[in-house]
Amino acid sequence: MSANSFSRADYCVIGVAECFRGDGEIMANPIGTIPAIGGRVARESFEPDLVMTDGEALLVANSVPVSGAVPDKIVEAWNPYRSMFDVVWSGRRHVMMGASQMDRFGNQNFAFIGDPKQPKVQLLGMRGAPGNTVQNVTSYWIPAHSPKVFVEQVSVVSGIGYDRAAELGDWVREHHELRHVVTNLGVLDFGGPDHALRLRSVHPGVTVDEIVSATGFELVVDGDVPETRAPTDAEMEIIERLDPKGVRKAEVPD
Amino acid sequence: MTEDDVVAELESGMTIGIGGWGSRRKPMSLVRAIARSELQDLTVVSYAGPDLGLLCATGKVKKAVYAFCSLDSIALEPHFRNARQAGAVETLELDEGLFLLGLQAAAWRVPFLPSRVGLGSFVVDRQPEIKTVVSPYDDGEELVAAPALNLDAALIHMHRGDARGNGMYLNVDPYMDDLVALAAPKTFMSVEQVVPTEELASLGPVQAMKISRLMTHGVVEAPKGAHFTECVPDYGRDEAFQKEYAASAKDPELWAAWKAKYLDCGGHDEYRKVAGL
């Protein structure tokens, strides 16, 4: 297949899948449409031991699609909300969350923007972000990369970044890990100086300049930036099976 | 008991815990009864959905103790959002897990439980109510002291129960309802159906009999009592109704109309008639 035959959303799926490479037998918990596909692609291709939920209280061995017919679930275990905290706090999970705002060290906000007593915009609240970021591996999914999301300073810290983790105790410093940030434009990691956000790859069709100018702080760019890899034929079959209606392309249009 | 009997047990200024999760298995007939009552200045402690939203919209809430307020299929509870953006409610912002520890601490009658959850975030750094503690062991680690969420009263909704206050859930997740119940000296449970005690164990696995009469102080039989939230397997979320509820947050006239139709109509029986349940 030529690169042209893949949609931007397909590259995003692969960017997500790659976040989980090497994770082994832990819970992969990607939240969002493209993340849900990406995590399942990882499990069906190169990370077969990943454990995944049905989005509610069950751990299921087969892939739950994001569109089209849903097959019978192969239930592996019961995992109600309360058990989820056992998984998170025991460190057996890699979550992929969203962010309304993120700074260069990965401090994330999706709680609210503005005065805590009277926010300009009330968003999700803290949800599980404070705990996730200190107790298990965290990656992020940003479907609309822009200077409004990637900001010099977040309004409120819900998920903690590397500079804040560095000020906490030894245990947190050792265990805090923000893996990748996958966006509609490319893939970032925290490989810059002092764990600053660094450009890891650009999706085909996106230039480095484009992604740098869509970032509201100085994004670290190390030499030549590769393109995000294309899905293999086998991965593309999985993507089509899990999303036959192409709802991923509504989350990230071409 | 009836919903109004429960309201008579509550007082203005109380801290009230509400079971369920988001827009799932919420004791909505009890919540509506509070919304119609004279109660005010409540502190609401909830894995929140339309329970908190409706009580904000009717001006009952002084303070929300929450980690999220969502309608699930609609990510943000619009009535709660309105109240926050108007500066009308105080909040204690908690992580979902600190919330669990707070309920557990209250249930076990200890002042806090230690955790790392919240370190470095707004939860700890910008809320003086949340304090830290230093481990007395060799590690000397600074930890979050997740404060006990002590309740004055709690409201939960179960699928089945008996008249003495034993309760059973039939869906896949018990949520934190047993902890919500234990965190309060008075817990009121609405159920879809009251059955004789001798029948209760035959309705599902014994593991589903999560609520015992040790935890409850009154039972209200409220068929469709969780409507419009999800209460599977008895009924799913009424998405159309929820949309109408959410849309009523768009302007005061729409809200007045919704309130007149579904709240001011009367108690749960009248509501069921109006809502066609």
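Modeller: Buried means under 20% relative accessible area, exposed over 50%, and partly exposed in between (1.4 Å probe, protein chains only). This is a predicted model, in which local features need pLDDT of at least 70, side-chain atom pairs count only at pLDDT 80 or more, and totals for chains, interfaces and linings use all residues. Residues are numbered from 1 along each chain as its sequence is written, chains are lettered from A, and side-chain values use heavy atoms, without hydrogens and water.

Biologist: Is His227(B) buried or exposed?

Modeller: His227(B) counts as buried because its relative accessibility is 3%.

Biologist: With which side chains does the side chain of His227(B) make a polar contact?

Modeller: A polar contact is a pair of N or O atoms within 3.5 Å; within protein, one must be able to donate a hydrogen and the other to accept it, and residues adjacent in sequence count only if both atoms are side-chain atoms. The side chain of His227(B) makes one with the side chain of Asp238(B) at 2.8 Å, and one with that of Tyr271(B) at 2.8 Å.

Biologist: How is the size of an interface given?

Modeller: Often it is the accessible area lost when the parts come together. Chain A and chain B bury about 3,400 Å² between them (accessible area lost, 1.4 Å probe, summed over both), 56% of it on carbon and sulfur atoms. In chain A, Tyr81(A), Arg82(A) and Arg127(A) lose the most area to chain B, together 23% of what that side buries.

Biologist: How many salt bridges cross this interface?

Modeller: The rule (a side-chain nitrogen of Lys or Arg within 4 Å of a carboxyl oxygen of Asp or Glu) finds 4 salt bridges between chain A and chain B. Arg82(A) and Asp178(B) meet through their side chains in a salt bridge, at 2.3 Å from N to O.

Note on methods. Buried area is the accessible area (1.4 Å probe) that two parts lose on being put together, summed over both.
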